[in-house]
Amino acid sequence: MPSFASQCLWVFCTLLEVGVVVCAFARGSFRRYFTLNLYMAASVAASIEGHFVLSHYGFNSDQYFYSYYYSDALLTICLYFGLMGLYSIVFEELGAGTYVRTFSMLLLGGTALFTYGVVHQAQDRMVTKYVAEISQNLYFVGLVLTYVLWGAVLKLRETRARVVQFVLSMGVYFSLYAAIYALRNLYPNYSNLASVLMYASQITDTLLPLAWTFAYLRFDDKARFVPARLAVIPR
Amino acid sequence: MTMGLIPNFSLAAMMPGIILVVSLAALLQFFLSYCRSLIAASVKQPLSPDVRDVTGIARTASGTDFERVIQLLRLCPAHPHDRSEIRAIGTYFRLLGFIRASLGKLFPSLESWAETERGQCAYFAAVALERRIAFSRDMLAEQMHI
């Protein structure tokens, strides 16, 4: 069974995710950021499903292993849709949203194929390793897409505070997760590191709902920033 | 993959290594920008004369004010919505301190940038203090009413 601290983090994170959806409804922004809220709702559903599998099959079961990694990969794909929603918002005035969405879908398919190719090539590794490897690559592609979106935000002088907060929090989330999975794949035999990374990923899980709740509560849709002043490299 | 700290240089081992380096670099950039976005929201907010007196911030805050303002913040009842942002800004402030102490010695412009940012962190904390004082006053007024 996971430790008490781990279970507390799990419950805390699920409550935060419910909080994001409630805040979105309360602030009348549910439809505006539908794909982001859909991801949060899917994340709550995945948490409940994970708890069900854990209590029925146990922590060390194959069922829990597959449930954890496959729901993680599916949630990442959901987050891609969230990212595409943000692309649509940022590019809505240019009318380029369709092209961006098509490109993102192609990239997503390409990532899955590339990952399968890499794992298939390594004959000495288990095929089940695919799920851990695809998560790492999905998070990395998510990071690249977020980076491109942040570039677009700066270039197009997007000033909506909520959009800027959503994009930056996604950047932090994707980069942290990509780093965690990369470490996991680099050093798969270090059990101490694995347990540290497990906690790190649970803490990372709380970052998005915290940041999004903050964005919903603190800013309304009219709040504006000057994003060029937020860039680390001055523009 | 070996059991050692340096894995074999195969494609399967190199990919996570490259991803790790790029992710950490991107993380730093996104984290800095996110913290600046938190601060940006408070920069335009003027401080009341009371808070200026208490914090000793006359017009612009400096990095040395931060710890003092944080100590004052700890004396006030916590506002339910600002805990995580104050924690994030605290991490950002320490990161800036590290940048100033390490890279700042080599690049003087980086040192002055880090100092300006530290000052903005202090101003952010002062704005949070102002909010907490207002929150405490509201709570007290409610209790008096009851």
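Visitor: What pLDDT does chain B average?
Guide: Good place to start, since this is a predicted model. In chain B, 89% of the residues score at least 70. The average pLDDT of chain B is 81.

Visitor: Which element of chain B has the highest mean pLDDT?
Guide: Let's look at both ends of the range. Helix α2 (residues 49-55) of chain B has the lowest mean, at 83. The highest mean among the elements of chain B, 86, belongs to helix α3 (residues 65-75) of chain B.

Visitor: In chain A, where is confidence lowest?
Guide: Chain A has a mean pLDDT of 82, with 87% of its residues at 70 or more. Its confidence is highest in α6(A), at 91. Where pLDDT is low, the predicted coordinates should not be read in detail. The lowest mean in chain A is 71, found in helix α4 (residues 97-121) of chain A.

Visitor: Is α6(A) largely enclosed by the rest of the structure or exposed, and how many of its residues are buried?
Guide: Helix α6 (residues 161-186) of chain A reaches 37 Å from its first C-alpha to its last, close to the 38 Å expected. A residue counts as buried if 20 or more other C-beta atoms lie within 10 Å of its own. The helix α6(A) is largely enclosed by the rest of the structure, because its buried residues number 26 of the 26.

Visitor: Is Y70(A) buried, partly exposed or exposed?
Guide: You can find Y70(A) in helix α3 (residues 62-91) of chain A. It takes 20 or more other C-beta atoms within 10 Å to be buried, and 12 or fewer to be exposed. Y70(A) has 14 such atoms, so this residue is partly exposed.

Visitor: How are α3(B) and α5(B) oriented to each other?
Guide: Two packed helices are described by the angle between their axes and the distance between the axes. For α3(B) and helix α5 (residues 108-145) of chain B, the angle is about 20 degrees and the axes are 8 Å apart. Angles under 35 degrees count as roughly parallel. Therefore α3(B) and α5(B) are roughly parallel.

Visitor: Which residues of α3(B) make the contact with α5(B)?
Guide: On the α5(B) side, the contact includes R118(B), C121(B), A122(B) and A125(B). On the α3(B) side, the residues are D65(B), F66(B), V69(B), I70(B), L72(B) and L73(B).

How values were computed
Residues numbered from 1 in each chain as written. Chains lettered and ligands numbered in written order. Predicted model: local features only at pLDDT ≥ 70, side-chain atom pairs only at ≥ 80, totals over all residues. Helix = DSSP H or I, 4+ residues; strand = E, 2+ residues; numbered from the N terminus. Expected span 1.5 Å × (residues − 1). pLDDT = per-residue confidence, 0-100. Axes fitted to C-alpha atoms, helices over the stretch in contact; angles between N-to-C directions. Parallel < 35°, antiparallel > 145°, perpendicular 65-115°, else oblique. Contact = placed C-beta atoms within 7 Å.
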